[in-house]
Amino acid sequence: MRINRMLVLIGGLILVLGSRLPWMSVPVLFGVEGPTFEAIEIGWEGDGLITGGIGLILLLVGIFWSGRIEKRYSIPGAILAALAILVVIGDFYRILEIDPDAGFFAATDVGIYVTLIGALMALAGALYRTHMNQERQGTTLLSSSM
């Protein structure tokens, strides 16, 4: 199996898993506690649904991909992975905006970091595909012109 496909598969799986983990600490950010507010922590305000959906799309495309990998598949994959990264960065920015007294790292939880790692892996796999295809086309063009 190719490295780029494996990176997209693992990145998509990590995105799906990270979307279901807690992203932030409600008691630290908002000062409220209880089982009613714990549901907010998982995938913070629906962002987990977005990143989980992106991860599922990338995972399914990686599983059912057959044949030659072309640019038309890697560019949308890179866009989706970049969108997941932007969602996480937006949440980081929002946490910094709230400015919790306990600090940034106390306000964040493991899910947001796992999601970021999965999105970065998927982006690396998608961009690796694009870069490798360009090198192969350039080599073929160069060898046929001699």
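1. F92 is buried, at a relative accessible area of 15%; buried means under 20% relative accessible area, exposed over 50% and partly exposed in between, with a 1.4 Å probe and protein chains only. Y113, at 27%, counts as partly exposed.

2. The model is predicted: local features need pLDDT of at least 70 and side-chain atom pairs count only at pLDDT 80 or more, whereas totals for chains, interfaces and linings use all residues. Residues are numbered from 1 along each chain as its sequence is written, and side-chain values use heavy atoms, leaving out hydrogens and water.

3. The whole structure contains 3 aromatic pairs (Phe, Tyr or Trp rings, the six-membered one for Trp, with centres within 6.5 Å; planes under 30 degrees apart are stacked, over 60 edge-to-face, the rest tilted). The ring centres of F92 and Y113 are 5.8 Å apart with planes at 40°, so this pair is tilted. The pair joins distant parts of the chain, with F92 in helix α5 (residues 71-98) and Y113 in helix α7 (residues 110-145), 21 residues apart. Helices are DSSP runs of H or I, at least four residues, numbered from the N terminus. F92, F104, F105 and Y113 form one aromatic cluster.

4. The buried residues of α4 are D47, G48, T51, G52, I54, G55, L58, L59 and G62. Viewed down the helix axis, these fall within an arc of 160° and so line one face of α4; the arc is that of the directions from the axis to the C-beta atoms. On the other side of α4, L49 and F64 are exposed, F64 with a relative accessible area of 63%.

Note on methods. Helix = DSSP H or I, 4+ residues; strand = E, 2+ residues; numbered from the N terminus.
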